[in-house]
Amino acid sequence: MSGAPALSVTGVAKRFGGVRAVRDGNLTVRRGELHGLVGPNGSGKSTLLNVVSGLLRPDAGSVVFEGNPLELGHYRKIQDQGVYLVPQEMSFAPDDEVWENVTLGAEPIRRGIVRRRAARAAAARALHLLGRDIDVNAVSGALSPVEQRLVTIARGVVRPGVRLLILDEPTAGLPHHDAKRVMESLHQIVSPDRAVILVSHHIDDVAAACHAVTVMRDGKTVTELRGEAVRTDDIVDLLVAGAPLEAIRDESAAPVEAGDELIDVEQAAGRSLRGVSFAVRRGEVVGLAGVLGSGSGETIEFVSGQSRPDDGTVRVGRDASDPSTPHRAFRAGVGYISGERARLVIEDMTVGEHVSLPVVGQFGRVGVVSRGRERTWVNRSLDALSVKGEGSAPMRSLSGGNQQRALLARWIGADVDVLVVDQPTVGVDIAGRAQLLRALRDLARERAILLAAEPEELAATCDRVLCLRRGEIARELTGDDITEGAIIRAIV
Amino acid sequence: MTGGAPAVESEPAEEGRLAPEQQNRVLAMLSLSSPTARRQALLVGLFVVMVAAFSIADAEHFLTWTNFKNAANQVPVLMLLAVGVTAVLRVGEFDLAAPAIAALVSGVAAILATQASGFDTGGGVLLAMAVGIAVGGLVGATSGVSVAYGKAPSFVVTLAVSSVALGLELLVQSKITGGLTQISAITLPETLRDVAGTKIAGLSLSLYIALGLSLVVWLLLSRTAYGRHAHATGGNESAAQLAGVSVNRIKIIAFVISGLLAGVAGIVLVSQQGYLPNATASYLLQAYAAAFFGATAVGKRGFSVPATLFGVIFLATLSNGLAVLNQPLWISSTIQGAVLLFTVMLSRSRT
């Protein structure tokens, strides 16, 4: 297995606006190896691989493949040189037949006409190599989730010239036994001519399968483990390392005694969740930990009314209402914020208008908004979270951390009992992170807070942490048991 | 720059030239530093040049109070339709059905006022108009509900609703007695003719109505909670939703506003010229040209009623000027289309 390096990535950096997604990305993949790439959310894994596959042009750094420097930013050229990426969310045409999805973009063509028989045969060969003989004439949407995943992987396998196949989270959201089957298939496609890079949050899968593992943290490549050194515990330790966030829990000296139940989830099931139950009371910050596809994101969606469970019930607020839409959730007393600010920030609107948006009706005199009363209310809310910047400034002029606090400020004076907070620190610097988490902690005195965030942030902030793994609550941590390491061990 | 100079941290300027920072400040004062400002200056300049050109070409006829009155009295139908579609554009949707709604309402109101028993008194005619406007609101609500709850693209929904409205207009038209397909203005009851016919200070009552309703919609969009929610919905629908705004309600109301204003436009049209079948087709392009031209030329934060009114004035001036110069109709239509194309491309080039 110890072949010559097929791929060497050195010093890659990529910045999006003010966010340095990758600062120093280095990666060496040898010929014919299965190479794992692991790291927390936002550590830069996807960005680094998007650079390697040509989807992104880096600000700095170089990528050499089989001795030739790649022309970065040129997706087609890089693909022609034999590097192919199967992204996290593969576009997939559910109405098309399996062979069409497998050969998409690589159809055998003669005089402008697709040679269907040859295409079907190639698709069948690729799927056979993956260890699953799926009917190439079946309608893709009718396949099981595992088979669909294999079809997208087969897309990389079917291309004859691919000598480096990059798979971004190929097992995310699959139940354990299905994920295991996908992992087994991966062994089939690694060959002396074909190396595979695997991104996964499931550390034990990676440790069991990969010849080498590279760990990323905060946009940097921390280390590479190879051969015998690839062990689950060592990888987890590397993920945990780093300056811990100071505990915020202790600051609210007298723990508020838990009040009435404001979130009640019973046996909720959906795309990823498989019957999850929990409750959150007034005065509590309850954390949701889980990797992509674990169901933590879906839990957030259910409680904030963005989607509804297929099975089970979700009740929120004083009157135990059904949050069937975001508007109904708000009426029931649920406020929502997310670090995905593209979904929350409105072009052309000022900071103040963002803050008052949910409750702007209450400043009305015969329907007309009294700007004076609105301004007073907005300034009080912004001051409470020490947001820098005027209410009249455009939202875009604020830094990420200030934007996030301004979005949180909208719920301070509003009549909401529940805050649903989804990855609030994405793209927020260290100082801003602590400030934001402290503000959440303070808000919890009179409210119930459900917080999905990074393990270290949860460890610093929460009274309880629900650790989700493959759609179920694998472990509930309380009190001193809440540590970053304990959370990571429970979710990976 | 010696020690006595003010503590400004900029590169020392060469004699007689401004430092880059100062240059920026000057440009900002002229507010031509941003692409938006340059674009707006270009379009407002276009308007000024156009007025100047018409004035030079034929000042004798163009720059007269009589011509102004004539032009202004032609404007209400376009103004009502354009302001209506602005409300829908504001929530990020399209209403292509507004002119068809106006056509349907013009038929309903005309036939009720002239031929239905019980509508022949003055009050009856008012009732006929009210029914017509209500029909407009109802058709608008249909579009709104289909877009909001059907999650269907408004472009296609309102195209379909437009066809249905024109079909219903044909049905109404078939009820006209005596095998006629139109109702001439002379046969209309006086109350209906008065909408356009009454002159106050030389200007038609319908113009005051259109301006009054524009004012109402402007206040609604710029000063109320509804307006704020509409802006948020049009700016970023998911953001509005996640702030707890009932996006569906906001959209439906916008379509109802557009339907009601289209209804009023239909009544004004009948009052001006009697009932003619399918008389509003040409207004579709004009209404959108006005809204897009206005938003691109003077809009600060996208579509707004004052911006649309500027667009209406631009288009009205253009067609009036060309008419004064005795230019054939095809020129007017072609130029209007070109203006829409030009402004839309300008507004898209901002990134």
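**Helix packing, core and chain contact**

In this predicted model, α6(B) and α7(B) are roughly antiparallel to each other, because the angle between them is over 145 degrees. The two helices of chain B span residues 122-150 and residues 154-174, respectively, and pack at an angle of about 150°, with their axes 10 Å apart. The crossing of α6(B) and α7(B) is right-handed. On the side of α6(B), the contact is formed by B:V139, B:T142, B:S143, B:S146 and B:V147, and on the side of α7(B) by B:S154, B:V157, B:T158, B:V161 and B:A165. Five nonpolar and five polar residues make up the contact of α6(B) with α7(B), and no charged residues take part.

Residues A:P145, A:V146, A:R149, A:L150 and A:V157 of α5(A) meet A:D178, A:R181, A:V182, A:S185 and A:I189 of α6(A). By class, the contact of α5(A) with α6(A) comprises six nonpolar residues, one polar residue and three charged residues.

The largest nonpolar core contains 253 residues. The residues with the most contacts inside this core are A:A123, A:A154, A:I449 and A:L451 from chain A, and B:L78, B:L80 and B:L81 from chain B. Helix α12 of chain B (residues 247-273) contributes the largest share of the core, 17 residues. In chain A, A:A154 is in contact with A:V102, A:A123, A:A126, A:L127 and A:L130, when its neighbours within four places in sequence are left aside. One of these partners, A:A123, is also listed among the residues with the most contacts inside the core.

The contact between the chains involves 20 residues from chain A and 18 residues from chain B. On the side of chain A that touches chain B, α10 (326-331) and β19 (368-369) each supply at least two residues. The most is given by α10(A), with three residues. By class, the side of chain A that touches chain B has twelve nonpolar, four polar and four charged residues.

Note on methods: Residues numbered from 1 in each chain as written. Chains lettered and ligands numbered in written order. Predicted model: local features only at pLDDT ≥ 70, side-chain atom pairs only at ≥ 80, totals over all residues. Contact = placed C-beta atoms within 7 Å. Helix = DSSP H or I, 4+ residues; strand = E, 2+ residues; numbered from the N terminus. Nonpolar A, V, L, I, M, F, W, Y, C, P; charged D, E, K, R; others polar. Core = buried A, V, L, I, M, F, W, Y, C linked by C-beta atoms within 7 Å. Buried ≥ 20, exposed ≤ 12 C-beta atoms within 10 Å, placed from the backbone. Axes fitted to C-alpha atoms, helices over the stretch in contact; angles between N-to-C directions. Parallel < 35°, antiparallel > 145°, perpendicular 65-115°, else oblique. Left-handed = near helix turned anticlockwise from the far one by under 90°.
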